[in-house]
Amino acid sequence: MSGTDELYPPAQYGWGWMLLAIGIIAVLILAAWLLIFLTRPRRATSVQDPPPQITPPTGEVLSMLRMECNDRISQIEAGYRTGALTARGANLELSRTVRMFVNEYSGLEAPVLALDDLQRLGVQPALIDAMKRHYYPSIFRRESANDPTAGIEAARTVVASWH
């Protein structure tokens with residue numbers, strides 16, 4: 001061996017490389033946080049929020065809406081009497097009809113609200129009574145459904161007396 005067998009110290013890296021590595025790690029952490037933040041499920045809105053104030057229909061529009069709903073109730077009644085609808089099916093259709101009427105009249109999303117939600121919002125008692133006594137028991141009970149004759153009259157009462 002010759003005199004050139006000297007040891008050399010390890011190579012030193014500049015501070016610029018260290019700052020670049022720290023910057024890349026920071027960007028990756030920020031990107032992961034943004035990904036999680038932007039894709040997380042949104043909070044459900046509370047049902048207790050008051051419904052938006054919508055001006056109810058007046059005059060001719062209201063009478064047409066009531067006439068259409070009463071016609072639909074009469075169709076459901078005729079379908080039940082002829083046997084085209086079962087008692088459960090008739091009560092389900094009556095529930096849909098009065099909920100649609102309330103939705104069209106007031107803007108309240110009655111077709112998608114449960115009975116508890118409607119009660120919490122303080123809707124007109126005629127709708128709550130019809131839902132509680134006639135439609136819910138017929139739709140959700142395992143036993144035979146209620147005779148829809150009383151539910152038909154309750155639906156007509158809701159349509160006639162709503163505000």
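## Working through helix α1

Not one of the 25 residues of α1 is buried, so the helix lies largely in the open; buried means under 20% relative accessible area, exposed over 50%, and partly exposed in between (1.4 Å probe, protein chains only). Keep in mind that this is a predicted model, where local features need pLDDT of at least 70, side-chain atom pairs count only at pLDDT 80 or more, and totals for chains, interfaces and linings use all residues. Numbering runs from 1 along each chain as its sequence is written, and side-chain values use heavy atoms, with hydrogens and water left out.

**Exercise 1.** Check whether the span of α1 agrees with its 25 residues.

*Solution.* Start with the definition: helices are DSSP runs (H or I, at least four residues), numbered from the N terminus. The expected span is 1.5 Å times one less than the number of residues.

**Exercise 2.** Work out how Trp33 and Phe37 are arranged.

*Solution.* Residues three or four places apart point the same way because an α-helix has 3.6 residues a turn. Next, apply the ring test: centres within 6.5 Å make a pair (Trp by its six-membered ring), with planes under 30 degrees apart stacked, over 60 edge-to-face and the rest tilted. The whole structure has two aromatic pairs. Trp33 and Phe37 form a stacked one, at 5.3 Å centre to centre and 10° between the planes. Finally, check the cover: Trp33 is exposed at 51% relative accessible area, while Phe37 is partly exposed at 34%.

How values were computed: Helix = DSSP H or I, 4+ residues; strand = E, 2+ residues; numbered from the N terminus.
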